[in-house]
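Have the sequence and the 3D view open as you read.

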Amino acid sequence: PAVLAGKIQDVDVVLDLGPGICPQTFVVPAVHICVDAHRPYLERLKRESADHPQYVLINAEWDRAIGLLPDKSVDTVFALDFIEHLEKPDGLRMLREAERVARRQVVVYTPHGFYPQSYDDPGKPDRWGMDGGHWQTHRSGWAPEDFGSEWDVVVCRDWLVLNQDNQPLDQPMGALWAFRT
């Protein structure tokens, strides 16, 4: 949306946590590091990006990958549709680690509150028709106060209109963007 246009900085090195098959597209960095725990997502991303040299694809859980990075080693950390897949304490730890490695900015997008999404049936495909259900299950809900006063938070009402099966929700749900510069 237009409200985000002036908030996301144009940078050269991006760390994209949990992009699945949809890495961030707000900036086109020289180096786009995508960290995802589910290898099939990265394999599909590699195929669909025509193996573009801008992408560095790392198959690891977020904390293992980010823990290897030195302080202030990337320009921006994106965590879009990611933090809600972590338990709350892990999500708070992810925010601290993202702040540690980011030189310029951390950008988070998540549903506002808890958005139910679960893939308990191992045979049921995730919303991309793949087998990443374990990684797509939501484990926490987030509100502006979870981020703290240093963060700029924008809440978009009625943003989410589809459930995990891409069917209309009974009632639309909000989403939030959080920026730490």
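Strand E6 gives the largest share of the lining of the largest pocket, 4 residues. Helices (H or I, at least four residues) and strands (E, at least two) are DSSP runs, numbered from the N terminus. This is a predicted model: local features need pLDDT of at least 70, side-chain atom pairs count only at pLDDT 80 or more, and totals for chains, interfaces and linings use all residues. Residues are numbered from 1 along each chain as its sequence is written, and side-chain values use heavy atoms, without hydrogens and water.

**The pocket**

The largest pocket holds about 900 Å³ of space. Its lining has 42 residues; Gly 18, Asp 81, Phe 82, His 85 and Gln 136 are the closest to its centre. Elements that give two or more residues to this lining include E6 (152–162), helix H3 (88–101) and strand E5 (102–111). A pocket here is an open set of points on a 1 Å grid over the protein atoms alone, where a 1.4 Å probe fits, with protein on both sides within 12 Å along at least five of seven lines; lining residues have an atom within 4 Å of a point. The volume is the space filled by probe spheres set on the points.

| Class (members) | Lining of the largest pocket |
|---|---|
| Nonpolar (Ala, Val, Leu, Ile, Met, Phe, Trp, Tyr, Cys, Pro) | 21 residues |
| Polar (the others, Gly among them) | 10 residues |

**Helix H3**
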